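Q: Could you walk me through reading a protein model, one feature at a time?

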2 protein chains.
Amino acid sequence: MFESSVYKNRRSALLAGMAESGARGLAIFLGNTEAPMNYRGNDYKFRQDSSFIYFWGIDCPGFAAILDLESGCECIYADDVDIDDIVWMGPQPSVASRSALAGVEKSKPFAAFAEDVKAAMAKGRAIHHLPTSRYYNNMTVAALTGASYEACTRPSSMTDGGRHASLELVREVVKLRLIKEQCEIEELDKAGEIGYLMHTAARRNCRLGVVEQEIVGAMEGVTLAHGWGVSFTTILSQHGETLHNHHHDGTVTDGRLLLVDAGAESNTHYASDYTRTYPTGGRFTPKQREIYDIVYAGNELAAGLAAPGMTYRDVHLAVARVMLEGLREAGLVRGNIDDMIAEGTLGMFMPHGLGHNMGLDVHDMEDYGEIHVGYDDDQVRSPQLGLGNLRMARRLRPGHVVTDEPGIYFIPALIRDWKTAGKSLEFINYDRLEKEYSDFGGIRIEDDLLITENGCRRLGFRRLPASAAEVEEAMAKDREE
Amino acid sequence: MFESSVYKNRRSALLAGMAESGARGLAIFLGNTEAPMNYRGNDYKFRQDSSFIYFWGIDCPGFAAILDLESGCECIYADDVDIDDIVWMGPQPSVASRSALAGVEKSKPFAAFAEDVKAAMAKGRAIHHLPTSRYYNNMTVAALTGASYEACTRPSSMTDGGRHASLELVREVVKLRLIKEQCEIEELDKAGEIGYLMHTAARRNCRLGVVEQEIVGAMEGVTLAHGWGVSFTTILSQHGETLHNHHHDGTVTDGRLLLVDAGAESNTHYASDYTRTYPTGGRFTPKQREIYDIVYAGNELAAGLAAPGMTYRDVHLAVARVMLEGLREAGLVRGNIDDMIAEGTLGMFMPHGLGHNMGLDVHDMEDYGEIHVGYDDDQVRSPQLGLGNLRMARRLRPGHVVTDEPGIYFIPALIRDWKTAGKSLEFINYDRLEKEYSDFGGIRIEDDLLITENGCRRLGFRRLPASAAEVEEAMAKDREE
């Protein structure tokens with residue numbers, strides 16, 4: 001938890017922003033409850049709601065808070081523990097003392113939360129809430145406001161009466177959370193260091209004959225030893241062409257590419273997110289190396305271009321251009337680059353965007369609507385595969401944190417699908433793809449960038465080996481140890 | 001996944017049991033969906049509903065099934081993937097082929113599930129469902145049947161019309177799942193072996209100066225490398241007197257007791273659950289050893305007594321008796337053992353029961369109501385702290401799996417509470433407890449027992465060091481390495 005002034009300043013800024021937007025009424029914040037795994041009481045590891053952490057700092061289940069947008073009054077709602085709780089959970093600080101650490105003077109029992117919200121509604125006051133991520137919170141909000149499930153999760157403007165998530169609140173929260181403060185940057189660097197350690201454990205455990213799951217265990221153990229856990233379910237596979245592959249039953253065999261996309265969440269809940277792709281035997285084949293170098297060039301270019309004033313959409317497109325040039329040199333596409341960009345040809349090789357915002361969530365605030373988080377008001381989302389999947393397109397500003405994760409994949413089903421549909425027929429060398437690349441897999445290289453005053457820097461204290469030469473050198477060294 | 005005949009036999013047995021109980025209508029089964037961690041799409045590691053695994057075997061999100069209790073017809077409901085899914089998740093087996101592996105011939109798209117349930121309800125047929133564990137499933141069932149949240153989670157007899165969880169279905173499912181089949185016992189042994197490996201990693205990492213979280217990371221990494229993950233959130237603390245202590249920020253210091261209660265879930269989702277308590281410096285002090293030996297005697301006694309025909313309630317009471325004798329010898333209680341048993345005096349030292357059922361859930365089927373799972377029809381639950389917390393009291397039968405986990409804790413708040421309330425004043429030496437044991441902590445020793453034809457055996461392939469001498473010897477060996 002940061003100093004109480006951090007949370008007080010954030011709430012003051014939110015109040016000011018909401019006043020400016022003309023919003024009135026209450027802003028309500030629901031912390032998370034425990035999430036049952038296989039039965040109620042056997043819960044997943046508790047994860048607090050990210051905006052609750054951001055504004056109220058309290059990292060325990062069963063809390064809620066209200067910020068009165070007119071009077072500025074704030075109150076935290078939760079129940080103090082009794083002797084049974086102490087036997088099971090140990091002595092706990094009081095709700096009042098936890099609230100004080102967040103700079104909040106007033107606290108009430110949890111039951112008063114519903115009473116206070118209902119009393120305000122009875123007076124016709126607007127209730128602004130963020131889109132609910134958890135089903136339990138959804139049920140709670142729906143019961144309070146009478147809204148439907150859908151309405152609780154999709155923000156729209158409260159000017160129409162408001163039994164739904166509040167677009168005004170989303171806009172102001174996004175505005176604040178997108179620009180990272182110094183204390184947050186320090187935590188993001190720490191999460192980056194844990195990411196470094198976990199990926200290093202993965203690389204060292206990438207040996208022929210090992211089952212993928214054993215590598216996952218080794219790397220996630222490192223994460224749990226130093227942080228809260230993984231910031232998302234680890235992707236580790238010799239089938240890197242499957243973008244989110246969570247099966248880990250393969251045995252590491254020679255001549256393959258092992259794609260590892262994984263990140264850590266610090267104990268303060270800030271994320272890191274890195275991807276590296278390793279030649280299973282320690283050295284890339286010339287064919288692998290050719291594609292790897294294209295992806296690496298894209299990754300480097302993005303880090304060179306990302307700077308205040310540039311949009312991340314333009315960085316994506318510049319990377320797309322360089323990667324298409326590489327693919328053309330490799331003989332996998334042919335023709336004019338501008339034409340390919342216009343037609344979205346790269347989408348078949350890279351069906352995702354260059355990156356996304358990152359912070360307390362690995363895809364920061366994704367539940368608030370990607371269009372509200374990742375796009376400026378004057379930007380329209382493309383319908384193309386690839387560019388259209390870009391989660392972050394905004395004009396960059398100092399304090400933005402984005403991932404830089406170009407990739408090239410050879411997805412047999414997608415190649416078949418595009419060829420059958422006659423897509424980019426004049427550009428893509430389908431024959432060669434089908435004959436020579438159907439068992440290639442996929443390559444992705446990902447770092448996390450902090451936008452600075454003049455450009456950007458990679459988060460974390462040290463960079464994981466990234467170029468083909470660095471990767472091979474590191475793997476050779478691992479084998480000596 | 002087991003052979004399809006395993007699932008077919010279980011469903012046949014369920015059909016027969018339900019018929020015998022006079023139940024008619026449909027039994028419906030909801031598999032789990034993904035559980036959002038911090039936003040929808042960033043989910044916790046998927047965990048299928050245990051009864052869905054048990055009867056239908058399919059370990060993927062988005063499945064449901066119906067068993068017609070009258071015609072015996074069965075059908076699985078889920079959606080096949082499209083090209084977008086393949087890009088992100090890779091090629092997937094069809095719903096029909098997954099169903100075939102479970103021995104089910106008929107499958108339909110997921111939307112047909114609600115249609116089929118509603119059509120049956122329109123005909124006045126009863127809808128038997130298990131208590132819902134997950135909030136999303138709760139919302140789904142509530143939307144289908146019009147039942148309240150509470151009604152979906154608390155089983156009662158369907159004879160009254162039935163807009164709630166079905167007691168008849170609970171009873172028949174419990175009957176089946178409580179008695180483990182040979183194929184399940186093999187998986188429980190495997191989960192036991194992973195538990196052995198994880199606890200061994202914990203013990204080896206228990207060194208002075210290490211932060212508890214580092215030990216947790218090391219042990220959970222082992223679990224993830226060999227199994228699905230932890231069967232419950234790891235308890236690892238030098239404050240073992242807090243029964244479910246999930247804080248791991250302490251630094252291991254000399255002279256303390258480190259209590260480690262943790263278990264693994266195999267890739268097939270069977271649980272293990274072990275507790276060991278280590279002297280942080282490698283050797284117990286005489287005072288620690290005295291209490292440790294009492295707990296160890298209790299653990300050993302339970303394993304000696306547990307056998308078909310005996311109730312686990314009686315095993316609990318026999319263990320309570322031996323532990324009270326030990327505490328009397330140690331000068332912490334005085335007086336007649338029978339009187340102390342009658343008054344529940346041990347509850348202050350051991351405010352939990354001797355053990356619980358275990359299987360696909362670490363507390364097997366706890367959501368179905370402990371009274372339905374852990375108690376025979378003629379047994380009444382005690383109101384006493386300790387005995388009343390006993391989750392498993394039933395008459396033992398071959399195939400039952402129970403934990404054997406006596407403990408002694410010195411909980412300052414509970415000691416104060418009992419003393420103030422004047423509880424067991426004539427038996428408990430409060431003076432000595434307050435003066436000498438307020439910073440002692442707690443000790444628990446836990447193994448998992450399979451009830452056999454003649455007695456019981458410990459699950460797993462080898463036993464973790466358990467006696468004080470074994471623990472000290474193992475720790476001395478760890479330090480040599």
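A: Let's begin with a charge and a ring. The charged end of A:R10 sits over the ring of A:Y54, 3.9 Å from the ring centre. To count, NZ of Lys or CZ of Arg has to be within 6 Å of the ring centre and within 35 degrees of the ring normal. A:K287 does it too, over the face of A:Y437 at 4.7 Å from the ring centre.

Q: What do I need to know about the model itself?
A: This is a predicted model, where local features need pLDDT of at least 70 and side-chain atom pairs count only at pLDDT 80 or more, while totals for chains, interfaces and linings use all residues. Residues are numbered from 1 along each chain as its sequence is written, chains are lettered from A and ligands numbered from 1 in the order in which they are written, and side-chain values use heavy atoms, with hydrogens and water left out.

Q: How do I read a pair of aromatic rings?
A: You describe such a pair by the distance of the centres and the angle of the planes. Here, rings of Phe, Tyr and Trp (its six-membered ring) pair if their centres lie within 6.5 Å; planes under 30 degrees apart are stacked, over 60 edge-to-face, and the rest tilted. The whole structure has 31 aromatic pairs over all chains. One of them joins A:F2 and A:Y270, tilted, at 6.4 Å centre to centre with 50° between the planes.

Q: Which parts of chain A does the pair of A:F2 and A:Y270 tie together?
A: A:F2 is in the segment before α1 (4-20) and A:Y270 is in the loop between β11 (264-265) and β12 (274-279), so the pair ties together parts 268 residues apart in sequence. Those labels are DSSP runs numbered from the N terminus: helices (H or I, at least four residues) and strands (E, at least two).

Q: Are A:F2 and A:Y270 buried or exposed?
A: A:F2 counts as buried at 18% relative accessibility, and A:Y270 counts as buried at 2%. The cut-offs are under 20% relative accessible area for buried, over 50% for exposed, and partly exposed in between (1.4 Å probe, protein chains only). Another tilted pair is A:F110 with A:F113, at 6.0 Å and 35°. There, A:F110 is partly exposed at 28%, whereas A:F113 is buried at 2%. Rings can also form a cluster: ring pairs link A:F29, A:F52, A:Y54, A:F55 and A:W56.
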